[in-house]
Structure formats: structure tokens, C-alpha cells
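This report describes the structure shown below for a reader who is new to the subject. Please keep the sequence and the model in view while reading.

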Amino acid sequence: MITRTTRLVAIAAAALSVVAAACSDDNDSSSSSPGSITVYSGRSEELVKPLLDQFSAETGITIEFRAGDSGELAAQLITEGDASPADVFFSQDAGALGALQKAGMLSTLPDELLSPVPGAYRSADGEWVGTSGRVRVLVINPDLVANPPTTVDELLDPQWKGRIGFAPSNASWQSFVTGLRVLRGDDGAREWLEGFAANDPVAYEKNGAVRDAVNSGEVAIGLVNHYYLYEKIAADGAANVRAVNQFLAPGDAGGLVNVAGVGVLKSSGNRTAALALVEFLLSETAQRYFAEKTFEYPLVAGVALPDGLPTLDELDPPAIDLSDLDTLAETQELLADVGLLTR
Amino acid sequence: MKRDRPPLALIVPAAAASLVAVVPIWYLVDRSLDRGVDEVRDELWRRRTLDLVLNSVGLSAAVTALCVIIGVAAAWLVVRSNLAGRRFLHVAFALPLAVPSYLAAFAWISWRPQVAGFSGAVLVLTLVSYPYVMLPVAAALSRLDPGQEDVARSLGHSRLQVLLRLTLPQLRTSIAAGALLVALYVLSDFGAVAAMRYEAFTWVIYGAYRAGFNPSRAAILASVLVLLALVLVIAESSARGRAAARVGSGSPRVGTPVELGRATPLAYLFSAAVLLPAVVFPMWRIITWVTESVTADVQFSDVRDALWNTVKLAALAAAATIVLAFPVGVLAARSRGALGRVFERSTYVAHALPGIVVAISLVFVGVRLLRPIYLELPLLVLGYVVLFLPLAVGAVRNSVEQAPPRLEEVARSLGNGPMAVLRRITAPLALPGIGAGAAMVFLTTMKELPVTLVLRPTGTETLATRLWRHTSVSDYADAGPYALALVLFAAIPAALLAKATR
């Protein structure tokens, strides 16, 4: 019995010492020390890390990078309040930035940073700025579609019954529906959604799966963002990809443009470095990186587009204030109600 | 009698554990009342809130019922039958514990999108959760005194009558404990129901964060889960009854295995029907991803680092959780007062909360009270403790309850003080439970994502965060090696758990 007790005590002691050791082995890296900023990022590390490394190399400013879901990071920032260790919030979409702005957590950015980006893709109050854009498009299989639709209303035609793919839980699809609610009102949006649901669209887990289904001919048309096609072309080679993008008619609700963007926290202890990062993200280097690496739209005028893309001006997307896209909860409720969200 | 007063050395740490466990509740109350009571009423008094609560309750009930059926049947087969290969099956039946629900759900949905919906959610959650029932039931079955059954048989009861009237009632405690964990877990799950597009209540909670950017609304909604958890915890403790410790002297005889005879093919069929979808299928999918990813840019050193971080965090979480769970478990098993019950139940309540709510509640407490360790390792470990305390509390309580209180009474009567009894009698009795609880917490921490993502020290990557990182941007191919490492290494504590209950 004594040996068992001794063993137990030994185990407990060992456990405690491990805890204690682990607790103390973390160096006290203060994020607000000069030359270092903390970035909360809803954009993935894979995507932006090479860019941030380049920024660090050029400026000597080190970056503490914390990735997460944009909305959850916004909740974390709101909960942290003034005590937040974050200096910069890099968000996957405008909605999370708008929420932080409403919570009074973002500082106003200098005009010279804001002005190169068109007014539609930054906060009206100057508290966040878009860094790259994505366009909702139809991806189509030309073997199956002779005359591609160019408006979302044409998708309600019975000839497409069971032949349209979409990703019901995808944030960009839900943003499109939110945009539709903004443009047509809740009743107008409901009417379109009911017509769409009646056409038996095929649900996929992700946009990539929608694109693949169109490419293989499983469905004829997919509702996705513009860059999924180019990702596939980059991976498989243009010769091996059948699918093509069909951009929507000017002003059509289906052609919504959403942006990823960035804001600087009021509580930032290193505003100079934080602003330097914003400036870098809007620099030609970074803008070209987005265009080439992710096939997104650069938002600063004068930066070349990915090959074959029409300009945002040519596309003439629907005029929607991106900060009005913060009612996704109601959108999900509507989608659930018409049977397009869940099973 | 003095023995009714548990020593302060137990009460104080148990109270501390209980306090840690209710941190999320403090946060939820604070945030919910942020915008006044009217807001709370408006938020809750909605048709959709009620619908989704019913969806979740329905899902939880269905999964729990299936887990009890599968768990009890599997436990009986591997412990009491003469099925050839039952030792191997015992371990195999525990392996689904190594598969995170989000991974299992994605394995199915990316293979056959049609499985989405209620049935898909039930399928996935049942297959990953039934071991929570099977393991404690198998342990209890192997401890049952076969003498009683022999007597019942000799008095003319049929096999079935013995099973229904003698064996099953004695398993009530372990079935109830496992069922409670399953029911709470299903209420809290988001990964599987999201992939399966079954609109459970956690949808609106995650929606409030991800789409509504409204932590207050999320807090109000999450409070509903706390209330549901309270109801379940109280229901369980009345279903549980008081565990009966064996009173005979000596060690129990090993029972004669029941001859399956012509039912043998049926037993193998059952085993295959469970193990194929629960173990073989996800492994096949993961291996497919890995082979597809040979072209993908995955560095071996990244996998190794993530594995090392995962193991380190899991070990710390297991150690810290056990230290706090021990006094609670002992009090729950031994004290007849209300205090022990209150402490124990309080540790279960947060178990119905989705990970993100626990994470944000620790952000709330962290920045206010624990600033020096905010976004440092100790706060993350504290997060794991809040999440997984009930797994360890249950295991400790279970082991202590197995031993008759008379052992401690005798030790007291021989002049030992309460601390000496605790050290020399109770603690050694709790050792199997400590081991089982530690393994369970270790395993579950390995799979944990939401709290890890929010609270981890900057730059720390675990297998789960790597999985998330790759799956959130692209296809599963890049994530394959991480998924494989996670499932293989989590299978080790799962197998140990099965071995320990034999």
C-alpha cells in the first residue's frame, strides 16, 4: 500500500512539475514592444504568410500572426475590448470589419492610405479598407450550356431544373443572398429563393466541389466565386479544364463583389507599424501578389489584373454598401425557411 | 459520526475545480444581461429558437439511445461472450474515439453528399460517441459477480430474464454516466452538424459569432444549452441511483463466457456493421487524401512539430484536469452531503457548451483577471480543464464507488486521520479511474479545435489547427497527413482505455 501511495504522490508531483515547467517556459513576448505587431487574421496563413514575411524583411517589423475565423476573431476582439493585444485585424470579409467599426474599436485610417481604393470597397468613415476583391460568377460547362444565362433570374428557367450546383453553407453564397435582400427587399429575395429552390439545385459541401461537378459535367452551372476556376487551371493545366466562367450582366444581383480588408485597432500600442502594414498590403507588390497568387481582384488602381479578367468597372457590379452585408443571421434564417440551407 | 464530514483538504480543491468549471457561466450571465432583460426575452422568445432547441434535443435523444444500444451490446460481446477474437474487438470498438466528429462528418459528406441531414448527423455522432457508453459498461460488466447470475439461473430464470432483471439493472450507473456524456456532447457539437447541414441549436450560436458578429446574442442563446445541461445532469443522477459496491470478500470469480452458438455469425455481423463505418471507412478516406496529397506541399517537419505540440498540450491538459477532478470525484463518490453533489454537477454543465463559447468566455476572464497568461499556454490548459473536467470526474468517481466505503471506515476506526485515509486508502482505490480519466482527457484534447484556435500561444500549431488551416482554404488532400497522424496517435490512448477496462 505504501508503495502505491508513494507512486501516486510521485505521479502527482511529476504532473505538477510538468505543468509548472510548461507554464514558465514561455518567454514573455510583449506584442507592443517596438518593431512588433500582432495581427488577427481571418485570412489563412498559407495565403498571406509569404507576403507578411516580405513585409518583415523590408521593414524589420516582426509579426505575431494569429489565424482564425473572421467572425470568431471579431467576437474575440470585441470581448477583449481595450485590453486586446491585437494591432491589426485582417478580415476575410467586410462584415466582420463593419462589426468592429460599430463597436468603436477601429481607428480612422489616413486619407493617403484610403484614397487609392475606390469608395465602394472601403468604409465610408475610413475605419477599414479593402485589400482584394472577389466576384460572384457562374461557372459553366460549355458542353452542356449553349447559351449561358447572364442574370440570376434566368437561373429560375425550368431548363436548369436539377442542373445547377451551389454550396449552401458557403459564406460567399450567403453574402450574395444578403446582397439580394438589400437590393430587392426580404420579400423580393424570398421570391427568388423560392423559385431557385423549386428548380432543385444540387447542394455541395464547398465551392471547389461545385466547380469540379461543373467541370466533370455532373451539373451544368455552378454558383461560385470567380477565382475557383483559375485555381483549378493553375493546378491541372488549362488543357485539362473544360469549365469556363460566365460573368453576370452589369448591375445584376448575382455579380456581387465582396472584399477582404484590413483595419487598425484603436488600442494598438504600435500604430506606426500597424499603418505600415496597411500601406504594404495596398502597395503594388502586395496587390500584384493577390492577383497572381489567389487570382483575386487588386483594388488599387493601376495594378494589372489576372489574365483574362474583365475590370471591375467593366463588370459594373450591383451598387451595395458592403457594410450593409452584416445581416447574415437574417439571411440564414430566410435560407433555412425556404429549405435551401439545411436538410 | 465524523466520517460524514469530508476533510477540508478535499473540499477546498473541489470548490476550486467547481469554480473553474463555472467560469463560462459567469461570462454568459454577464454578457447576456449586457443589453438588458428585454433583449434576452426577445432573443429567446422566438419560434426559431424553440424549433432549433427541439432539433438539438431530438438529435441528442436519438444519438444517445443508439449509443446505449450499441455500447451495451458491444461491451457484453467483448466481456461476457465466447466470441473468438473478442480481445481484439474490445480494442477495435474503442478506436472511433480517435476520430474527431468533424473529420468523420467530412469523410462521409465528401464521399456521398446525399447523406446530409438528420440521419447523417445521427450516423456520424453515434459512430464517434458510442465508446463513451461501451467503455464504462465493459468495465462494470467485467466486475460483476457471476455468482449472482448463477444463483438466478439455478432458481429457474432464463438467460434473458437474468440479463434483463439482474445484469442490466446493475449496469445502470455506468450506462447513465456514459449516456450523459454522449447527450451533452451532442448538444455541444457543431463540426458534425455543420458538415451534415442538420440545423441544430449550435448553428445559431456559431451564426451569432460568424455571421452576426454579436457575442451578446451568442451568450444569450448558449445559456439555453446550460439549462438543458442542468436538466440532463439532474435526470442522470436520479437515473443513476447509488452505485452498489461489491460486498463479498475476496476477489470476484471470473464468469464463464456465454456460449453464442448459432448466434455467432450475428455477433460478427454486428461487429462489422459498427466497425466498418466507424473505423475502416474514415481510415480509408484519410488514406485516400494522403495518397492524393503526394503532390501537395506538406513538410514532414510541420507534421512532426504539430504532433509534438499536440502531445505536449494533451499531456498537460490530462495532468491538470486530473489534479482538479480527483477531489471532486472522491467527494461525489463518498460524501452524502449536498456539497459533493453540487461540486460534481457543476463540472458537467459547461460540457454542453460549444467550444467557441467556452473559448470566448476564457477570453473574457483572461483579459480581465489573468492578463499575464492571456494567450499563453496556462490559459489554454485551463480551457481544456473547463471542457473536459467531467470526463475525469466521472472516471474517478466510478473507481472509488466500486470499493465499499467500509474500507475507509475500518481505516478510520483503526485510528487513521481523514488525510491518512485519503492518502492510504481512497487515492490508491482511485488509481484506475485516474488512469482512465487521464487517457480520456488526453485523447479528447488531441482532437479539440475551437478552444485551441482561440487561446493557443501565437505560433503554436497542433494537428487539429493544421487540419483546420488546410481544410478552410483548400481540399482535404493537404490535410491528409495531419488527419492520419491525429487518428493514429489518438488511437493509442483509445486502445489503452479499452485494455484497462478488461
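A salt bridge is here a side-chain nitrogen of Lys or Arg within 4 Å of a carboxyl oxygen of Asp or Glu. Glu194(A) and Arg190(A) are about one helical turn apart, because four residues separate them in helix H6 (residues 171-198) of chain A. An α-helix has 3.6 residues a turn, so residues three or four places apart point the same way. Helices (H or I, at least four residues) and strands (E, at least two) are DSSP runs, numbered from the N terminus.

The model is predicted: local features need pLDDT of at least 70, side-chain atom pairs count only at pLDDT 80 or more, and totals for chains, interfaces and linings use all residues. Residues are numbered from 1 along each chain as its sequence is written, chains are lettered from A and ligands numbered from 1 in the order in which they are written, and side-chain values use heavy atoms, with hydrogens and water left out.

Over all chains, the count comes to 26 salt bridges. In one of them, Arg397(B) pairs with Glu344(B), and the closest N and O atoms are 2.4 Å apart. This pair links distant parts of the chain, 53 residues apart: Arg397(B) is in helix H19 (residues 377-402) of chain B, and Glu344(B) is in helix H17 of chain B. Arg397(B) is buried, because its relative accessible area is 1%. Glu344(B) counts as buried as well, at 5%.

A further salt bridge joins the side chains of Arg469(B) and Glu461(B), at 2.6 Å from N to O. Arg469(B) is buried at 9% relative accessibility, and Glu461(B) is buried at 10%. Both residues belong to a network of salt bridges that also contains Glu45(A), Glu46(A) and Arg456(B).

## The interface between the chains

How many residues of each chain take part in the contact between chain A and chain B? On the side of chain A there are 49 residues, in contact with 61 residues of chain B, where contact means heavy atoms within 4.5 Å. The size of an interface is often given as the accessible area lost when the parts come together. Between chain A and chain B the buried area is about 4900 Å², and carbon and sulfur atoms give 60% of this area. Buried area is the accessible area (1.4 Å probe) that two parts lose on being put together, summed over both.

Four salt bridges are counted between chain A and chain B. A salt bridge joins the side chains of Asp69(A) and Arg210(B), with N to O at 3.8 Å. Among the elements of chain A that give two or more residues to the side touching chain B are helix H1 (2-24), helix H2 (45-59) and strand S2 (62-67).

## Selected residues of chain B

Gln148(B) is in helix H9 (residues 146-154) of chain B and is partly exposed, with a relative accessible area of 38%. Not counting residues up to four places away in sequence, Gln148(B) touches Leu166(B) and Gln170(B). The side chains of Gln148(B) and Gln170(B) make a polar contact at 2.8 Å. A polar contact is a pair of N or O atoms within 3.5 Å; within protein, one must be able to donate a hydrogen and the other to accept it, and residues adjacent in sequence count only if both atoms are side-chain atoms.

Thr347(B) lies in helix H17 (residues 338-349) of chain B. Is Thr347(B) buried or exposed? Thr347(B) is buried, because its relative accessible area is 0%. Arg80(B), in helix H4 (residues 47-80) of chain B, is likewise buried, at 8% relative accessibility.

How values were computed:
Buried < 20%, exposed > 50% of the residue type's maximum accessible area, 1.4 Å probe, protein only.
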